[in-house]
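Here is a short report on one chain.

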Amino acid sequence: MNKKALTETDIRSKFITPALTGKNGEKWDLMTQIREEAYFTKGRVIVRGKTVKRGEAKKADYLLYYKPNFLLAVVEAKDNNHSVGDGMPQALDYAETLDAPFAYSSNGDAFLEHDRTATSGTVTREIPLDQFPTPDELWARYCAAKGWTPKQELLTTQDYYDDGSGKLPRYYQRIAINRTVEAITSGLNRILLVMATGTGKTYTAFQIIWRLWKAGTKKRILFLVDRNILADQTKTNDFKPFGQAMTKITNRKIDKAFEIYLCLYQAVTGTADEQNIYKEFSPDFFDLVVVDECHRGSAADDASWRQVLEYFSSATQIGLTATPKETKDVSNIEYFGEPIYTYSLRQGIADGFLAPYKVIRIGLDKDLDGWRPEDGQLDKYGQVIEDREYNDRDFDRNLILENRTKVVAAKVTDFLRSTDRFAKTIIFCENIDHAERMRQALVNANPDLAAANNKYVMRITGDNDEGKAQLDNFIDPESTYPVIACTSRLMSTGVDAQTCQLIVLDRRINSMTEFKQIIGRGTRINEDYNKFFFTIMDFRRATALFADPDFDGEPVQIYEPGPNDPPGPPDDATDPPTATDESFPDPPSPPGGDLGPNDGKPGHAKSIRYVVDNVPVDVVMERVQYLDESGGLITESLTDYTRRTVRKTYSSLSEFLTVWNQAEKKQVVLEELASQGVFLEELAEQVGRDFDLFDLVCHIAFDRPPLTRRERAEKVKKRDLFGKYESKARAVLNALLEKYSDAGILSLESIDILKVAPLPSFGTPVEIVKLFGGKLGYLAALRELEAALYHEAV
């Protein structure tokens, strides 16, 4: 057997897999311990205009498990024309991402091992094929490197919950679960996990609790949340397997007969000591306290929530958050310590588990320039408006410009009309009054749909029972109504709105943590409902002020159209230069400081609120940007992006032509470009649908004059290249040329084309192939036809 002639697949099946399993299957179990060609990401969602595609997902040649969800090694294979170690860089990259302690590379001759647990001695070595370590050998080396006792080893291998459906944790969930259990095994009692919204924090918490509970290490567990809907979602969904062992503390009543307790902070704390019913438990009652959304108060020294944690200080405490809070007065890290694992929104978007987002920034003249009343000007109710400069710190707090609300509602409506009027939308307003006025303005802007169903637009705020009752329907992907939810703070965290496609920011946001939580309302992907990305419409410059690329990644698109432009970006918007801080200057501050949410509270002078209904408000700027395939901002047109991307892959026209003409299937070349964000269908919409995809690439990237498919086909006919074939075979080739003229080169590369009229008139696919002497002859004729189509491109 000539190894050099074997493909990588042959090398794997003939040499590497037998070496892993052993001659008699005594090593790694092929069914339970080996995953071959294992995908561990979904592939980044790439958005271009109206087209959404996924980039290439990452897959390892082999993943080796000691037992389910306990990954020990990554193995990368190469064909025998490579050296033994050529796959090691990729193996190490995957091993680091997947938290695997061992990495291997092989070309079928031997294995190269890299021991990621080694801090001294031999780190990398070559191993003969027949001496690949067994699962027990690798596990023993791993345990020795960790310094675990038999008791610790037993706990760290406690089984995950398995519902029999085949559902497996995603790789980052597995890492978070295993690291947390290992940390507790090692004696750590304060643990912080940072995971972006939409990545399954509650499921991760469930598996951690399940394993510790089943192992008997933690017998009584308290799961603290800050919203009732979070407790209910947790109980009925992820925590359901706990069954009768679980209870939710309600009506301020304690029952000590359970093992798993779900609880709102507010349900067990209060201002008076008798309201702090958590003290009915002894301080050592709980072995484990898990704090969901721990940024919301547990980190503050003076927070009542912090008192609960300090009361149960003997328990192991785990903080879960998407946004660790670090300010002068509040610190998650000071309390819980540095995160033992972080999975950011940026990484989630790159892996394709989370939705990327476009941003539409809209600047209103009164927000940017401020507004000053005329001398003695009265408001709508006859009050004399204080003579000073007002700006967006005042708007919708102590000064209401009714036309401003109408403009925002009109822009939101225009966007939905241009996309999908039934796309789930959340509008974040300054306060409850602002949310109600926004609801009214949107009803007036959408009279037809509001008349058809009064739940088309609803105010969902903490004081509104009717709106809160509709929150579950808003979240439910199968429920059409409500479509637009006007809120203030109720929906800013913990609301699992999988199909939310538009988030509107019409509220000043002074907290990075709050901003990220709000953005998290849209980050979930729901492929069943065609939700792959979402749009943020920003009227308050929050997305410019809170840019945090390390955590969130840049948006797929930022759009700032002019006053008369549509609110949604065109499919191929050539963006203006990237905005600087001067693009959105800070408005002048009002005299006496920032009058805001504390107005009227003890210790704060109550401000007078003015309502003005006769001041015009206009849009003065809008802008859009979007992400390229690697997460960088694109501020160029689709044609410019295509030119840059193609030239990065193919340095010259000659290089592209060589690859194109040598490719047995042109689809492979086009799919490679698509994986880099070059969407030729979108490009064809702009340049011309009659052009060959080959011509689109050559024209855009290398300034080559394009030919239509019809022109290419006619050139082939004039050259009479098919004279060597019999008349019926020539007729088939001419029919294929017509099909190429209509549908393009990709249509010819599928055998199914022989089933499309008029080809069946020449016989069945088998009979047509026989006209060319068999399948090989037909494929040769097809390649000859393709070569003739692109003859002048050689």
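Two rings, of Phe, Tyr or Trp (its six-membered ring), count as a pair if their centres lie within 6.5 Å; planes under 30 degrees apart are stacked, over 60 edge-to-face, and the rest tilted. Ring pairs link Phe258, Tyr261, Tyr278, Phe281, Phe285, Phe286, Tyr311 and Phe312 into a cluster.

The model is predicted: local features need pLDDT of at least 70, side-chain atom pairs count only at pLDDT 80 or more, and totals for chains, interfaces and linings use all residues. Residues are numbered from 1 along each chain as its sequence is written, and side-chain values use heavy atoms, with hydrogens and water left out.

**Overall make-up**

The chain has 30 helices and 27 strands. Both are DSSP runs numbered from the N terminus: helices are H or I with at least four residues, strands E with at least two. Of the 794 residues, 55% are buried. Buried means under 20% relative accessible area, exposed over 50%, and partly exposed in between (1.4 Å probe, protein chains only). Contact means heavy atoms within 4.5 Å. Among contacts between residues at least 6 apart in sequence, 71% join residues at least 24 apart.

**Rings and charges**

The structure holds 48 aromatic pairs. One of them joins Phe422 and Tyr456 edge-to-face, at 5.9 Å centre to centre and 80° between the planes. This pair links distant parts of the chain, 34 residues apart. Phe422 sits in the loop between helix H13 (402-418) and strand S19 (424-429). Tyr456 sits in the loop between helix H15 (447-452) and strand S20 (457-459). Are the two partners buried or exposed? Phe422 is partly exposed, at 34% relative accessible area. Tyr456 is buried, at 0%.

The criterion is NZ of Lys or CZ of Arg within 6 Å of the ring centre and within 35 degrees of the ring normal.

| Lysine | Ring | Distance from ring centre |
|---|---|---|
| Lys3 | Phe15 | 4.2 Å |
| Lys167 | Tyr203 | 4.1 Å |

**Nonpolar cores**

A nonpolar core is a set of buried Ala, Val, Leu, Ile, Met, Phe, Trp, Tyr and Cys residues joined through side-chain atoms within 4.5 Å. The largest has 88 residues. Tyr171, Ile209, Phe223, Phe239, Phe242 and Leu505 touch the most other members. Helix H5 (residues 171-185) gives the largest share, eight residues. Apart from this core lies another, of 49 residues, including Ala729, Ala735, Leu736 and Leu785.

What does Tyr171 touch, beyond residues up to four places away in sequence? Its contacts are Phe40, Thr41, Thr97, Leu98, Tyr341, Tyr343, Gln347, Asp351 and Phe353.

**A buried aspartate**

Asp61 lies in strand S4 (residues 59-67). It is buried, at 7% relative accessibility. Its side chain reaches the backbone nitrogen of Ala77 at 2.7 Å. Leaving aside neighbours within four places in sequence, Asp61 contacts residues including Glu8, Arg12, Arg35 and Glu76.

Helix H26 (residues 709-718) buries Arg709, Arg712, Ala713 and Val716. These four are on the same side of H26, because they cover an arc of only 95° around the axis. The arc is taken from the directions from the helix axis to the C-beta atoms. Their cover includes helix H25 (693-702), helix H27 (727-743) and helix H30 (775-789). Asp720 follows H26, with a positive phi near 50°.

In helix H24 (residues 680-687), Leu680, Glu682, Leu683 and Ala684 are buried. Gly688 follows H24, with a positive phi near 150°.

Definitions and conventions: A polar contact is a pair of N or O atoms within 3.5 Å; within protein, one must be able to donate a hydrogen and the other to accept it, and residues adjacent in sequence count only if both atoms are side-chain atoms.
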